[in-house]
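Subject: Structure handover

Hello,

Here is the structure you will be working with. Please open it first, then read the notes below.

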Amino acid sequence: MKQPPANRPRPAFPARLPSAPAPQPARKPLAATPAPQVVLPQGLGMDSAAVRAAMVRKLQAQGLAHPMVVAAMLAVERHRFVDSALVNQAYEDTSLPIGLGQTISKPSVVARMIELLLHGRHDKLGRVLEIGTGCGYQAAVLSQVAREVYSIERLKGLHDKARDNLRHFRVPNLHLLFGDGMVGFARGAPYAAIIAAAGGEDIPTAWVDQLAVGGRLVAPAVTAQGRQNLVVVDKTPTGVVRTELEAVHFVPLKSGIA
C-alpha cells in the first residue's frame, strides 16, 4: 500500500495555545476574609454529561449498538459545536443551523454513519477522510474511533469555525483541511474509510479511487429513484460493491471553495 511521502508537510492541528504564565506565590489571606468558593460551569449552565448520556440512551433505543460509537457519542460535547442561542437544543436529535446555509447533522445520523463505517469491527479504523467538516462535531466523534482523521471543508468560514470549536479538545489525530472536498485529498490516500456530510448526484470517482482495498465509503447520494439515500461503497480486491440504504436529507455537495 503506497503511503504519502515521508517528507511532505502535514496539516498542523490543533495549534497549542500559549501556556499560562507561572503562578505567583499566593499571598496569605487576612483571617477575616474567607476564601472564595469557585464553581466550575458544566456545559454552559447544563449538566452536559447527564444530558448527553440521556441522548445516547435514546440512540441506543433506536438501534445504536456498537460500543465504540456509544463511547464516542458520550465523549464528545455537542453543545460546544452549536451557537449559544441553540445550546439548549444541542442534545436533541435534530439538525441545527451552523451558518453559511449549513447544518450540524442529527446525532442519530452521525452515529448511524459511523457505525456503518466500522462495519462490526472492534478495533480503531486506520486513516479516515471526512468530506465536509462543518462545525467539526462529526470530525471529533470520528477521532474517537479512528487512528487518524483528515477532514476537508470548502467554506473558509466553517473551516475557521471548526478550528475554533475543536481547539478546546486538542485532538492530536485530527487534521483540518481547507479545500474542495469533491476531489478528496489524494495526498493522504489510501483511506480505510471515507464519510461525507453532503450529498451529490452520485459518489465522486475521486473518492472511490482514494479508498483503500478493503475500505468502506458512506455518503448520501441521489439514487435511480431520484431520492437522496445513504449509500455504502465497499472496495474489494475484485471490484466495488454499492449498497443503497435508507432515505436521508443532507445539504447538497458542491465543488470549489468559497
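**Salt bridges**

Arginine 121 is partly exposed, with a relative accessible area of 30%. Here buried means under 20% relative accessible area, exposed means over 50%, and partly exposed lies in between (1.4 Å probe, protein chains only). This is a predicted model, in which local features need pLDDT of at least 70 and side-chain atom pairs count only at pLDDT 80 or more, while totals for chains, interfaces and linings use all residues. Residues are numbered from 1 along each chain as its sequence is written, and side-chain values use heavy atoms, with hydrogens and water left out.

Arginine 121 meets aspartate 123 in a salt bridge (3.0 Å, N to O). The term stands for a side-chain nitrogen of Lys or Arg within 4 Å of a carboxyl oxygen of Asp or Glu. Side chains of opposite charge can pair when their charged atoms come close. Aspartate 123 is partly exposed, at 41% relative accessibility.

By this rule the count comes to 9 salt bridges. Another of them joins arginine 80 to glutamate 77, with the closest N and O atoms 2.3 Å apart. Arginine 80 is partly exposed at 33% relative accessible area, whereas glutamate 77 counts as buried at 17%.

Glutamate 148 and arginine 127 also form a salt bridge (3.0 Å, N to O). Glutamate 148 lies in strand S4 and arginine 127 in strand S3, so the pair ties together parts that are 21 residues apart in sequence. Both glutamate 148 and arginine 127 are buried.

**Chain and cores**

The protein chain has 6 helices and 9 strands. Helices (H or I, at least four residues) and strands (E, at least two) are DSSP runs, numbered from the N terminus. Of the 258 residues in the protein chain, 49% are buried.

A nonpolar core is a set of buried Ala, Val, Leu, Ile, Met, Phe, Trp, Tyr and Cys residues joined through side-chain atoms within 4.5 Å. The largest one has 51 residues, and those with the most contacts inside it are Met73, Phe81, Ile104, Ile114, Tyr137 and Val141. Helix H3 (residues 107-118) gives this core its largest share, 8 residues. Apart from it lies another core of 22 residues, including Leu177 and Ala219.

Which residues does valine 141 touch, leaving aside its neighbours within four places in sequence? They are Ala72, Met73, Val76, Val110 and Ile114, where contact means heavy atoms within 4.5 Å. Valine 141 is one of the buried residues of H4, as are Tyr137 and Leu142. In H4, 8 of the 9 residues are buried, so this helix is largely enclosed by the rest of the structure.

**Largest pocket**

The largest pocket has a volume of about 630 Å³. Of the 34 residues that line it, Gln102, Thr103, Ala197, Ala198 and Val251 are the closest to its centre. A pocket, on a 1 Å grid over the protein atoms alone, is an open set of points where a 1.4 Å probe fits, with protein on both sides within 12 Å along at least five of seven lines; lining residues have an atom within 4 Å of a point. Grid points are joined across faces, edges and corners, and the volume is the space filled by probe spheres set on the points. The largest share of the lining, 3 residues, comes from S2.

Regards
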